[in-house]
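Have a look at the model alongside me.

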Amino acid sequence: MVVLLSRVQFAFTVAFHFLFVPLTIGLILITAIFQTLAVVKKDQTYRHIADFWGELFVINFAVGIVTGLIMPIQFGTNWSQYSIFMGDVFGSPLALEALLAFFLESTFAGIWIFKRHKLSDKFRTAVVWLVTLGTTISAIWIITANGFMQHPVGYKIAADGSKVLLTNFKDVVMNPYSLFMLAHTLLSAFLLGAFFVVCVSAFHFIRNIKNPNSGKMAFFKKSVTVAVILGLTASVLLPIEGNVYAKYLGQNDVQPLKGAILRNQVDAQGQLMTAANQQSDSEAAIDAKSQATMEAAGSNLSKLDRIPPVKFVYYSFIAMQILGFFFIGFFLLLLLVPKLLRQNPIVQRIAIYGIPLPYIAITLGWIVSEVGRQPWLVYNLMTVEDGVSNVPVNAVWFSLFTLIAFYVILFAMDLYLLMKKARKGPMLEEKEV
Amino acid sequence: MNQEILSIIWFGILLTAWSVYLAMESFVVGSGMLQPFVTMDKNAQQAIAKPSGLHWDGIEVWLITAIGGTFAAFPAVFAKTLESLYVAFFLLLILLMIRGVTIELAYKDENPTWQKVMSRAWNVSSLLIPLVFGVYFSNIFSGLKLGVGGNEGKFYEIFNLNSIVMGILFVAVCIVTGSAWIVLNANENRDTFQKKTYGFSFKASIVVSLGVIYEMMAFNTGEGIFGRSKLFNEAPALWALPVLLVVVSLVNIFLTHKKAIWLSMIFGMLVMPLIVVIGYLANYPYMLPSSLSPQLGINLFNAASSQYTLTVMFYAALIFVPIVLVYQGWKFWYFAKR
């Protein structure tokens with residue numbers, strides 16, 4: 001029960017946290033671009049644009065940062081066996097994330113949040129780019145840590161088998177799995193940020209439809225131009241990069257089973273289907289490798305216990321791809337016929353009510369990645385079951401329910417503020433907030 | 001460097017991170033808990049909240065660094081501490097989350113009810129955070145009931161006379177530094193703020209001294225928070241630290257009485273770091289001592305990561321900790337009067 005509850009709690013808290021992270025990454029980049037344009041073009045409109053999107057960034061950032069705090073703590077509270085086994089490798093990226101990324105991000109985000117109206121354009125530009133740098137470095141380290149769980153490299157097992165020891169830090173950082181995952185994550189965050197800007201802009205286009213030459217129309221027109229270019233670039237690059245990523249992870253020495261699932265070559269029992277005869281040596285590789293490591297770990301899981309929920313992973317993957325192609329079409333349409341977003345009610349409604357779509361696509365991607373790794377906590381090294389803490393089940397019930405209750409409140413607060421600010425739109429005269 | 005020296009260096013780095021965190025957190029939560037007692041005027045309240053809002057976030061990363069650094073350098077200490085104090089850590093987390101989100105979002109909406117609810121939640125969480133930290137460190141230093149299979153103590157056992165005194169002591173420290181921080185950041189309100197905070201600050205400094213003396217009475221007796229002090233008997237020079245702690249807290253009564261704002265803030269900021277450093281040194285080499293039997297505690301040398309990991313992380317800390325200190329120091333300096 002402790003395992004199940006801890007898994008539910010981790011899945012819930014990480015999924016909730018990740019509602020905020022990609023928008024933070026995407027919006028701060030968009031804010032930084034507009035703030036830079038304000039300096040380069042010496043046009044105050046861009047400063048207002050940066051202010052508006054930067055304000056929405058702030059609301060999102062606040063919730064993102066507090067829900068992030070819980071993630072490293074949970075490795076100790078709920079997954080202490082994992083932390084002891086993996087600490088030599090896994091602790092470093094987390095500590096480095098704090099040292100190299102969180103300090104930068106939070107020190108300068110504080111300035112952006114509380115002092116930006118008092119700063120010169122150049123100063124503001126430096127601040128917002130430092131925050132952008134911090135969020136990006138943060139993504140690098142946390143994905144480095146996750147990449148090791150997906151595809152362990154640069155390590156050896158201690159002589160007594162009690163833990164994993166780091167042998168090559170460079171290999172861990174340059175882990176190809178992490179690099180593919182990083183690119184995919186950052187691109188999807190840019191896509192989400194772009195979609196968000198288009199969504200909010202569509203709302204204001206509808207509201208100001210009677211006076212197409214107003215300041216607000218011009219304001220959002222400029223916003224959308226940048227967002228569409230960013231969104232189209234990201235949505236086109238995603239499947240290209242994703243294709244290479246999927247080919248890579250399907251290799252025999254990476255995660256052959258996940259690769260086979262994504263190619264729809266596995267049935268629910270984890271057996272390769274006959275149509276995939278040409279892959280028969282990969283089946284042997286799956287069996288041999290996981291058998292050997294299971295025996296080494298002294299585990300007695302049956303073969304059926306060693307496969308993830310195949311169809312769940314496969315259909316998540318397919319749904320993510322469908323959404324991916326929708327985004328390409330959507331952004332392409334907006335690039336070719338920009339006035340559709342200003343005038344066409346159908347396109348406007350798609351933009352507004354479609355805002356959950358990029359979130360759904362991102363969550364589906366994580367399901368493929370993390371559910372597809374089950375039952376492994378660290379691929380071929382440690383199962384989820386073996387990683388859990390020795391804590392009373394009541395304690396986990398307590399934390400799970402407290403967190404759910406608290407997160408419902410947080411989510412309501414975030415939604416209330418975001419919608420209110422987004423609907424209100426920009427203040428086109430400089431004003432102290 | 002061999003692993004033993006690296007382990008000791010990492011022990012030192014973590015004590016530094018805790019010290020920096022507690023010293024700075026004291027005035028942020030201090031201003032939070034004092035805000036409604038200093039003024040009920042909306043604009044004046046905002047004048048108190050904003051400087052803390054500007055800095056809290058960068059300060060809290062020192063906490064994450066202390067915890068993440070423990071994970072990297074002493075994984076077993078990290079895992080066993082958090083596992084053993086499961087409920088306490090989630091309470092702390094929720095409090096830190098409430099504090100963070102309220103301080104950031106309190107003034108993001110003009111709605112007066114919103115501002116009021118957010119501000120009160122900020123005040124209450126600011127009061128409870130140092131209380132929980134006091135209870136936490138008191139339990140770590142006097143030892144958990146760590147048996148072979150893990151913590152054998154019940155959740156409520158973390159609350160006892162020693163730990164509650166420590167919690168109140170921590171809150172009192174935050175009132176002293178928080179008062180000074182409020183006055184230092186005040187512009188037109190400076191005189192009113194000084195008058196309002198004086199009583200709190202002076203009384204709190206007396207509570208700090210009483211608390212310190214109470215906890216120190218157990219020093220070297222084998223019981224209580226600073227009971228085990230083998231290292232102090234081996235290296236008598238270390239006695240300077242407890243003496244310094246007592247002197248600092250007593251002198252601070254005089255400083256707050258004289259309204260020496262800067263000095264009382266600096267002296268106040270020293271108290272929690274000194275307590276934490278003394279507490280860890282008293283238990284050395286155990287980072288997570290067991291009150292059942294010393295051997296069952298977690299020793300820093302046994303818990304340490306590999307020499308290679310400690311070396312990589314040591315160079316990272318050597319380069320980046322000073323950089324962080326410089327830009328955070330710059331931020332305090334630059335925005336001191338803006």
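How many helices and strands are there in chain B? I counted twelve helices and four strands in chain B, taking DSSP runs, numbered from the N terminus, of H or I over at least four residues as helices and of E over at least two as strands.

Housekeeping comes next. This is a predicted model, in which local features need pLDDT of at least 70 and side-chain atom pairs count only at pLDDT 80 or more, while totals for chains, interfaces and linings use all residues. Residues are numbered from 1 along each chain as its sequence is written, and chains are lettered from A and ligands numbered from 1 in the order in which they are written.

**Overall form.** I looked up the radius of gyration, taken over C-alpha atoms. Chain B has 20 Å, which agrees with the value near 20 Å for a compact globule of 338 residues; the rule is 2.2 Å times the number of residues to the power 0.38. The C-alpha trace of chain B spans about 55 × 40 × 35 Å along its principal axes. I found 56% of the 338 residues in chain B buried (20 or more other C-beta atoms within 10 Å of the residue's own, with C-beta atoms placed from the backbone).

**A helix pair.** I then turned to α1 (residues 3–38) and α7 (residues 190–217) of chain B, which pack at an angle of about 115° with their axes 10 Å apart. The axes are lines fitted to C-alpha atoms over the stretch in contact, and angles run from 0 to 180 degrees between N-to-C directions. From α1(B) the contact takes Leu34(B), Phe37(B) and Val38(B), and from α7(B) it takes Phe193(B), Lys196(B), Thr197(B) and Phe200(B). Contact here asks for C-beta atoms, placed from the backbone, within 7 Å.

**Facing chain A.** I noted 53 residues of chain B in contact with 52 residues of chain A. The elements of chain B giving two or more residues to that side are α2 (42–73), α3 (75–84), α4 (86–105) and α12 (307–334). With 14 residues, α2(B) gives the most.

**One glycine.** Is Gly53(B) buried or exposed? Gly53(B) counts as buried because 24 C-beta neighbours lie inside 10 Å. Gly53(B) sits in helix α2 of chain B. Leaving out residues up to four places away in sequence, I listed Phe114(A), Ile103(B) and Glu104(B) as what Gly53(B) touches.

Notes: Buried ≥ 20, exposed ≤ 12 C-beta atoms within 10 Å, placed from the backbone. Contact = placed C-beta atoms within 7 Å.
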